[in-house]
Amino acid sequence: MADGERQQEFARFVRSHWSQLMTIAVAVSGSRDEAEDLVQTALTGAYARWRRIRSEEALAHLRRSIANAHVSRWRRHRGAELTVAEPPDVATGVHEAAAVDDRQRLLPLLRALPRRQRAVLVLRYLCDLPDAEIAAVLGISRGTVRSQAARGLDALRRGRAPTAPSAVADVNRPALTTKGTP
């Protein structure tokens, strides 16, 4: 594949998945500014290896890259979490704006959770990673992944944040199921 074709293919991929990647990054980081940095970091790494990344695995690769970049930043700056007063602005006029709005309602709920519970829930339900991969990304055991997920979901159901969207109240909805979880 020529460099021009590779650039065009990569640009098409980024245009079609930007909103989804940003949603995941905002949910993981809690900040739109940091989310943009995480997505850019993941895309920069993916572009360098774009020829070797299979197209059917590209989105999963970038999701893991975003999560790994966030964990790396968190480890470097442990204890210096940036909190924001309001959720990030939602883009208007974009096709995926409705999907982003739905997920934006989860942000206050996720922010109310401890960092590890938030990371486990985002990786499990937004990135659709199995427990083994979540454990590897976060450097914890699979049992800890399951217990943190249970505690986080319990806290979301109890409504620790101002409002609880219906997507959180019913964890058996297909959008919240994940492969590889018991």
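**Salt bridges and a helix pair**

Biologist: Why is Arg32 called partly exposed?

Modeller: In this predicted model, Arg32 has a relative accessible area of 30%. Buried means under 20% and exposed over 50%, so Arg32 is partly exposed. Glu36, at 31%, is partly exposed by that rule too.

Biologist: What makes Arg32 and Glu36 a salt bridge?

Modeller: Their side chains meet at 3.7 Å, N to O. The cut-off is within 4 Å, so the pair counts as a salt bridge. Arg32 and Glu36 are four residues apart in helix H2, about one helical turn.

Biologist: How do you know that Glu133 and Arg64 form a salt bridge?

Modeller: The N to O value is 3.7 Å, and the limit is 4 Å, so the pair qualifies. Glu133 lies in helix H7 and Arg64 in helix H3, so the pair ties together parts that are 69 residues apart in sequence.

Biologist: Why is Arg158 called exposed, and what is Asp154 called?

Modeller: Arg158 has 57% relative accessibility, and exposed means over 50%, so the label is exposed. Asp154, at 37%, is partly exposed. The two form a salt bridge, with the closest N and O atoms 3.4 Å apart, and both lie in helix H8. Elsewhere, salt bridges that share partners join Arg54, Glu56 and Glu57 into one network.

Biologist: At what angle do H1 and H2 pack, and which kinds of residue make up their contact?

Modeller: The angle is about 145°, with the axes 9 Å apart. The contact residues divide into 14 nonpolar, three polar and four charged.

Definitions and conventions:
Residues are numbered from 1 along each chain as its sequence is written. This is a predicted model: local features need pLDDT of at least 70, side-chain atom pairs count only at pLDDT 80 or more; totals for chains, interfaces and linings use all residues. Side-chain values use heavy atoms; hydrogens and water are left out. Axes are lines fitted to C-alpha atoms, for helices over the stretch in contact, and angles run from 0 to 180 degrees between N-to-C directions. Helices (H or I, at least four residues) and strands (E, at least two) are DSSP runs, numbered from the N terminus. Ala, Val, Leu, Ile, Met, Phe, Trp, Tyr, Cys and Pro count as nonpolar, Asp, Glu, Lys and Arg as charged, and the others, Gly among them, as polar. Buried means under 20% relative accessible area, exposed over 50%, partly exposed in between (1.4 Å probe, protein chains only).
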